[in-house]
Number of protein chains: 2
Amino acid sequence: MTNSKQAKVLALSGGVGGAKLALGLANIIDPQNLTVVVNTADDFEHLGLSISPDIDTLLYTLAGESNQQQGWGLKNETWQAMTMLNNFGGETWFQLGDRDIGTHLMRSQALKNGKSLSQVTELLKQGLGVKTTILPMSDQPVRTMVQTPSGPLSFQHYFVREQCQPQVTGFNFNGLDTAQAQPEFLQLLQDPNLGVVVICPSNPFVSVEPMLQLPNVKQLMKHTSAPVIAVSPIVAGLAIKGPAAKMMQELNMPTTALAVAQYYGDLLDGFIIDESDADQASAIAKLGIEVLVVPTIMKNLDDKIALSEQVMKFSQSLAVENLPCGL
Amino acid sequence: MTNSKQAKVLALSGGVGGAKLALGLANIIDPQNLTVVVNTADDFEHLGLSISPDIDTLLYTLAGESNQQQGWGLKNETWQAMTMLNNFGGETWFQLGDRDIGTHLMRSQALKNGKSLSQVTELLKQGLGVKTTILPMSDQPVRTMVQTPSGPLSFQHYFVREQCQPQVTGFNFNGLDTAQAQPEFLQLLQDPNLGVVVICPSNPFVSVEPMLQLPNVKQLMKHTSAPVIAVSPIVAGLAIKGPAAKMMQELNMPTTALAVAQYYGDLLDGFIIDESDADQASAIAKLGIEVLVVPTIMKNLDDKIALSEQVMKFSQSLAVENLPCGL
C-alpha cells in the first residue's frame with residue numbers, strides 16, 4: 001500500500017444502503033481510485049427485460065438521478081408503460097418507470113448482442129455521466145433463491161412481489177457453481193495499491209454473501225494487506241432499510257451489530273457500528289475485530305461524506321497497525 | 001347472404017390508411033358484424049420487443065387513442081424511455097413512446113408465454129375497450145423483405161430507418177411457405193352471411209399482398225358470393241400516406257388508380273376511386289370491375305363515415321347484381 005492519496009478503495013455494495021455510502025465515498029475519493037463491486041444475485045428477467053436492480057441503484061445514485069422521496073428508482077420518472085400494461089392485465093407487481101425501462105431495454109439488447117454485463121454497465125455508466133468504476137460482481141448469472149416453508153422463491157418475488165412476508169429458512173445462490181468473480185474485482189483484491197476493502201451497510205445474507213461466495217473472493221480478502229472494514233447494516237436492532245433484521249430473527253440470530261460482526265467473522269479487520277450500539281463494541285473487539293463507533297445513519301449527503309471520511313480514517317489507522325513492526 | 005343488417009363485413013387493412021376506413025366502418029356497423037383482418041408482415045422484433053405496427057395502429061385508432069397530429073402512435077404519449085436509450089447510444093430510429101412500450105411489453109410477454117398473436121390481439125383489444133373483431137392475418141410470422149439494388153431490407157428498416165429512400169425492385173414475404181391464414185379469417189370468407197369484403201386503401205404491395213398470398217385466401221375471395229371491393233390508395237397519382245406511389249414508379253407501373261385496379265385484377269367486383277380520378281372510371285370498368293367515384297380522402301371522422309356508407313351502399317348494389325337472375 002502506498003500513501004492514502006494513491007491508495008485504491010474497493011467497496012462491495014448491494015442496493016440502496018450500499019449506494020448511500022458509495023455516494024459518500026465517490027464525493028471524497030478520486031474516481032480512478034474508487035471501484036464499487038455490486039451484487040447481481042438480485043438480477044432477474046422480467047417482461048423480457050434484463051433487470052439489475054442493485055447496479056441500477058448504484059448508477060442512478062452516483063449519477064444524482066435517484067428518486068430520494070421514493071427511496072428507489074429514478075427522479076423525474078413517469079409510469080405510462082406500467083399504466084398501459086395494467087390496462088392489459090399484465091404483470092405490474094414490479095414497478096418499472098418509463099425512464100428505467102430505457103435502461104433495461106438498453107441492457108437487454110446489449111446482452112442479447114453478446115456484450116458482457118460488465119461492458120453493459122460501463123456503457124450505462126458513461127451514458128449517465130458516472131465516473132466511478134462500477135463492476136458487477138460477476139459476468140455470469142448468479143440468482144438468489146430464498147428458501148421458505150412453502151418452497152423456494154426467486155429473490156425479487158420474495159422481496160417485491162411478496163414484500164418480504166414469507167419466513168426465510170435459508171438461501172441458495174444458483175449459478176455459483178459456474179460463475180467467476182468479475183476479473184477486475186479479483187485483480188483489485190490482489191493489487192498492492194489496494195488501500196481498503198469496504199463492505200457497505202448492505203444486507204449480509206443476500207447482498208454481500210453472494211459476492212463473498214464467488215470463487216477466490218474470500219481467500220483474496222483474507223490475504224490482502226489492505227484492511228477489510230464493514231459498516232453495520234443493523235442499527236439499534238433494526239435494518240435501516242430492507243429485510244436484514246427480519247431475516248436474522250427468522251434465522252435465529254440476534255438482530256444486533258454484534259451478530260453481523262460474528263457473521264462476517266475473521267474476514268473483517270474493522271467494523272463500524274452506530275453510536276446507539278456502542279455497548280456492543282467490547283464484545284465485537286473480543287472477536288479480534290477493531291471497532292469504530294460513529295454516527296452511521298445517512299440521511300443526507302453530509303452524513304454520507306462524514307461516514308465515508310470515518311471509513312477512510314479508520315482504514316488508515318488499521319493499515320498502520322498492519323505494517324510490519326507496527327511502523 | 002341475408003339482409004344488410006345481418007350481413008357480415010370483412011375489411012382487410014394495413015396501417016394508417018386502412019385504419020381510417022376501418023374506423024368509419026366501426027362507426028356504422030355493429031361490432032359483432034365487423035371483422036378487420038390486419039397485415040402482420042410489417043411486424044418485427046426490436047429491442048427485444050415484439051412489435052406489430054399495423055395491428056397497433058388499428059387498435060389505437062378504433063380505441064380513439066391514436067395521435068392524429070403526429071399521424072401515428074398514441075395520443076398523450078411521452079418519450080422518456082427513448083430519451084434514456086438515446087443517452088446510452090441505443091437504437092432510437094424506431095421511436096417507441098412510453099405508452100406504446102406498455103403494449104409491446106404485454107405482447108412480447110404473452111407471446112413468450114405461448115399465447116398466439118390472435119389471443120394477444122384479443123387481450124389488447126379488450127384492454128383498450130375496442131369492440132370490433134381484429135384479427136392478425138396469420139398466427140405464424142410472415143416478414144416482408146424489400147428487395148433493393150443493394151440487397152434486401154426488412155420492412156421496418158426500409159420504411160422507418162431508411163425512410164423509404166432505397167429503390168424497390170421487388171418484395172419477398174418470408175415465412176409464407178409455412179404460415180396459415182388466421183382460422184377465423186378463412187371461416188369468415190366461407191360464411192354464407194358474409195356481405196362484403198373491403199380491401200381498405202392500404203399499400204397493395206406490402207399491406208394487402210401478404211394477406212392475399214396466404215394459403216386459400218385468394219381462392220376463397222374469388223369464390224365468395226360476397227362482393228369484393230377495394231378503395232384506391234392512389235388518388236390523383238399520389239399515395240395519401242406511405243410509399244405506394246414511389247413503389248409503383250420503381251416497379252415501372254403508372255401511379256394511377258387504374259394500375260391498382262389492374263394489380264388486383266379479377267379479385268375485385270368493385271373499385272372505389274376518388275373524384276379526382278373520375279377520368280379513369282371507364283378504363284377500370286373495361287377490366288370488368290364496377291367503379292364507384294366518390295370523395296375518398298378522409299380528413300375527419302365525418303369523411304370516414306361518409307366513405308364507409310358509400311362502401312356499404314356500393315356493396316349492396318353489387319350483391320344484388322350477383323344474385324341469380326339479377327333479382
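**Group meeting: how chains A and B meet**

Okay, let's start at the interface: 26 residues of chain A are in contact with 26 residues of chain B. Keep in mind that this is a predicted model.

So which elements of chain A put two or more residues into the side that touches chain B? Those are α3 (80-87), α4 (98-112) and α5 (117-128). The top contributor there is α4(A), which supplies 10 residues. If you sort that side of chain A by residue type, you get 11 nonpolar, 12 polar and 3 charged.

Now, how do the two copies relate? Chain A goes onto chain B with a turn of 180° and a shift of 0.0 Å along the axis, and the RMSD is 0.0 Å. That's what a two-fold axis gives you. And if you want to find the axis on screen, look for A:Asp98: within chain A, its C-alpha is the nearest to the axis, at 3.0 Å.

Next, do the copies use the same surface or different ones? Of chain A's interface residues, 100% are interface residues in chain B too, so the two copies meet through the same surface.

Last bit, the inside. The largest nonpolar core runs to 197 residues. Which residues have the most contacts inside that core? They are A:Ala11 and A:Ala22, along with B:Ala11 and B:Ala22.

Let's zoom in on A:Ala11.

Technical notes: Residues are numbered from 1 along each chain as its sequence is written. Chains are lettered from A and ligands numbered from 1 in the order in which they are written. This is a predicted model: local features need pLDDT of at least 70, side-chain atom pairs count only at pLDDT 80 or more; totals for chains, interfaces and linings use all residues. A nonpolar core is a set of buried Ala, Val, Leu, Ile, Met, Phe, Trp, Tyr and Cys residues joined through C-beta atoms within 7 Å. A residue is buried if 20 or more other C-beta atoms lie within 10 Å of its own, exposed if 12 or fewer, and partly exposed in between; C-beta atoms are placed from the backbone. Copies are superposed by least squares on the C-alpha atoms of residues with pLDDT of at least 70 in both. Two residues are in contact if their C-beta atoms, placed from the backbone, lie within 7 Å. Helices (H or I, at least four residues) and strands (E, at least two) are DSSP runs, numbered from the N terminus. Ala, Val, Leu, Ile, Met, Phe, Trp, Tyr, Cys and Pro count as nonpolar, Asp, Glu, Lys and Arg as charged, and the others, Gly among them, as polar.
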